[in-house]
Amino acid sequence: QKKVKETRKNRSLVSAHLSTCLLTIANPLTLVGLVGVTAASGVGMQNLHAPQIAILVGGIMLGSSLWWLILSSSAEWLGKKLGTNLFHILNLIAGGAITVFGAWQLVALAHHVWKF
């Protein structure tokens, strides 16, 4: 546990931000969402110049960063208010709900594919 605490101390906000950005970019749903947003806004149908593209990309980055800031700050605040034990119980409930939903989707898929 001591090594974990030392690692956390040595991490800067910039490295935390960059690792979060990389995690977000690695999410396939994020890529699909970005493609959908740009297609819906008609970006491919217009001749955009470099400043307009920079504004679009900057806006997406700013919005994503703001979302992560709000989400992580809210989770930290909620974790402090609820306490460690209750927060752990809520995490177990959420994990169980996600597991049940995933299993239900697998059964529905199997039913659709094999018609049983």
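Accessible areas follow the Shrake-Rupley method with a 1.4 Å probe, and for residues only the protein chains shown count as cover. The model is predicted: local features need pLDDT of at least 70, side-chain atom pairs count only at pLDDT 80 or more, and totals for chains, interfaces and linings use all residues. Residues are numbered from 1 along each chain as its sequence is written, and side-chain values use heavy atoms, with hydrogens and water left out.

I93 counts as exposed because its relative accessibility is 54%; the cut-offs are under 20% relative accessible area for buried, over 50% for exposed, and in between for partly exposed (1.4 Å probe, protein chains only). Buried residues account for 3% of the 116 residues in the protein. The accessible surface of the protein is about 10,200 Å², with 73% belonging to carbon and sulfur atoms.

The protein contains five helices and zero strands, where helices (H or I, at least four residues) and strands (E, at least two) are DSSP runs numbered from the N terminus.

The volume of the largest pocket is about 680 Å³. A pocket is an open set of points on a 1 Å grid over the protein atoms alone, where a 1.4 Å probe fits, with protein on both sides within 12 Å along at least five of seven lines; lining residues have an atom within 4 Å of a point. Grid points are joined across faces, edges and corners, and the volume is the space filled by probe spheres set on the points. Of the 21 lining residues, H17, T20, S64, S65 and W68 lie nearest the centre of the largest pocket. Helices α2 (13-26), α3 (28-40) and α4 (50-82) each contribute at least two residues to this lining, and the largest share, ten residues, comes from α4.

One salt bridge (a side-chain nitrogen of Lys or Arg within 4 Å of a carboxyl oxygen of Asp or Glu) is found in the whole structure. This salt bridge joins the side chains of E76 and K80 (3.5 Å, N to O). Both residues lie in helix α4, four residues apart, about one turn of the helix. E76 counts as partly exposed at 48% relative accessibility, whereas K80, at 65%, counts as exposed.
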